[in-house]
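User: I am new to this structure. Please take one part, the strands and how they pair, and walk me through it closely.

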Amino acid sequence: MTKPLSPIFALCLANLALSCGAALASGPEALVGEGWALVWNDEFDGTELDQAKWSWETNCWGGGNNELQCYTDREDNSFLRDGKLVIRAQKETFTGPAEPLDWNSGAGDRTLPYTSARLRTKNKGDWTYGRFEIRAKLPGGQGIWPAIWMLPSDWVYGAWAASGEMDILEAVNLTEEADKTVHGTLHYGREWPANVQSGASFDFGDVDPRETFHTYAVEWGQREIRWYVDGVHYATQKSSGWYSQVLGDDGFFEDVPGDAPFDQRFHLLLNIAVGGNWPGPPDETTEMPVEFEIDHVRVFQCVDDPEVLDACATRHRSATRVFGNVAPEILRIEYDPKVMDADVVTIFGDEDLSPFTLGQYVANGTVGVARVEEEGRGLVTELRYDTNEAVVYWQAPFGFDLTGFDRVEFDLKVVADPREDGRFMMKMDCFYPCGTGDYPITPAPTGEWQHMSVPLSDLVSHPGSSLDLTNVNTPLVIFPSWGDQKGVVMRIDDLNLVR
Ligand SMILES: [Ca+2]
Ligand SMILES: [Ca+2]
């Protein structure tokens, strides 16, 4: 069975004798393999960027990575010169939209200390499968991050990175001293933050890709994606090593069958990011402005085998096989996905609210856990510590966004505490070790219930806290202070998240 080509690819094929044929006739020859037909290209020979092929993205969003550049459509940041597209990043304070324009988020403006350009072919050049080839000379320096990459045009499997991202080339912090290494990477899995990535690097050795042009390419087929530098095949990923899991209407994750997410339309992007989580910021050694020169972008289709590409593939045995990631087992815990929409979410009242369950981590010894009746309270959770190193927690198998909540509340009664000056701790975790760290709490004297009300803002600002409120899987971890616990008996009731 063959799947239909993407509309744009199909259009191009149908018009092979016209627009695509014209490119074939006047354009370059296919460089690698047999049977490739050029279906789209830009040689950047004109005087102005061809806006039938490219659009500028203009924003000061920071790419989701805390990058330091505003992307502009000004001549200062991108232009054609000597048959090449030049993307130029420079040090220059600039104010622009705080988020991508197509989000329509009303986020206002942001000011950042650098400018650059990010160009894309979205809805002008979108393809499913083929060979994508870009000849370029890279900018370098601490904090400089050029990229040639592809994003989904239709996001059919959900937000980043569930619908995939294909990085043909990334390089960070290329300097005289540093290894001259470039990276080819796939991002996929579930929506952020439950996405994953896998990739490989190409080491230029003594060659400096800041000084010389090189051809960066991928061959993207249905079952396999391969990365190349100057025709040298250096990495392969197979569809058994990537996956897509989406949340179904019933609130459970589902495996998308086939080769998702890399089975949809993707478009090309070219940019220089400045700073950001990966490279870190520029420093005094960074020489600005920097230029990313792109000599051409060429897209080829394997005419006789347009999906699998085996008829045209170039393969080297020495290429790294990147094994990727196995899709996580889907936990079919019964729960209502709207469970967190209430103003007061009761994680434990008389029972645990699915998908949260009571669990424990015990380094040694045991914690006895029981649900016991107490007058006026129904069931309460009783914990008996026959250990000095244990914690008990309420945890879900995935994270929740608690940014709309104000505080966590619970009732705590110490039934017995033989320790000298025993202290008690709580934590909130966003997949350990992401979390608040130990946060001290003070119960009432033994035998009395104490109502605890802890603002989430306090947990975020607690010294040492790395709490990510957008991804909380463990709303409460509670324990007598680590190392000194034996003999403590405590009861917990009415664990609530309150808006
Ligand atoms: Ca050129
Ligand atoms: Ca109760």
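Analyst: What follows starts with the whole chain and then turns to the strands.

This is a predicted model, in which local features need pLDDT of at least 70, side-chain atom pairs count only at pLDDT 80 or more, and totals for chains, interfaces and linings use all residues. Residues are numbered from 1 along each chain as its sequence is written, while chains are lettered from A and ligands numbered from 1 in the order in which they are written.

The chain holds 3 helices and 32 strands. Both are DSSP runs numbered from the N terminus: helices are H or I with at least four residues, strands are E with at least two. The C-alpha trace spans about 90 × 55 × 45 Å along its principal axes. The chain is split into domain 1 (7-322) and domain 2 (337-498). Those bounds come from an automatic or database domain assignment. Taken over C-alpha atoms, the two domain centres are 45 Å apart.

Now the pairing. Two strands pair if DSSP finds at least two bridges between them.

Take strand E5, residues 84-97. Strand E4 (residues 78-81) runs antiparallel to E5, and 4 bridges join them. Ser-78 sits opposite Ile-87 in E5. E4 and E5 form a hairpin with 2 residues between them. In that turn, Asp-82 has a positive phi of about 50°.

E5 also pairs with strand E20 (residues 290-302), antiparallel, over 5 bridges. Here Leu-85 faces Ile-294 in E20. Then comes strand E6 (residues 109-116), joined to E5 by 6 bridges and again antiparallel. Phe-94 stands opposite Leu-112 in E6.

Another hairpin joins E12 to E13 through 5 residues. Strand E12 covers residues 181-189 and strand E13 residues 195-203; they run antiparallel, with 9 bridges. His-187 has Gln-197 in E13 as its bridge partner.

Next, an open sheet. Its 5 strands are ordered E23-E26-E31-E28-E29, with antiparallel pairing. Strand E23 (357-362) and strand E29 (439-441) stand at the edges; each has a single partner strand, so one side of each is left without a neighbour in the sheet. From one strand to the next, the twist averages 30°. Axes here are lines fitted to C-alpha atoms, for helices over the stretch in contact, with angles from 0 to 180 degrees between N-to-C directions. Strand E28 (residues 424-429) pairs with E29 over 3 bridges, antiparallel. Met-426 lies opposite Tyr-439 in E29.

What about the interior? Buried residues make up 42% of the 499 residues in the chain. Buried means that 20 or more other C-beta atoms, placed from the backbone, lie within 10 Å of the residue's own; exposed means 12 or fewer, and partly exposed is in between.

The largest nonpolar core has 77 residues. Such a core is a set of buried Ala, Val, Leu, Ile, Met, Phe, Trp, Tyr and Cys residues joined through C-beta atoms within 7 Å. Ile-148, Met-166, Ile-168 and Ile-272 have the most contacts inside the largest core. Another core lies apart, with 39 residues, among them Phe-400, Met-428, Ile-478 and Ile-492.

Contact means C-beta atoms, placed from the backbone, within 7 Å. Of the chain's contacts with a separation of 6 or more, 73% are between residues 24 or more positions apart.

How values were computed
Two residues are in contact if their C-beta atoms, placed from the backbone, lie within 7 Å.
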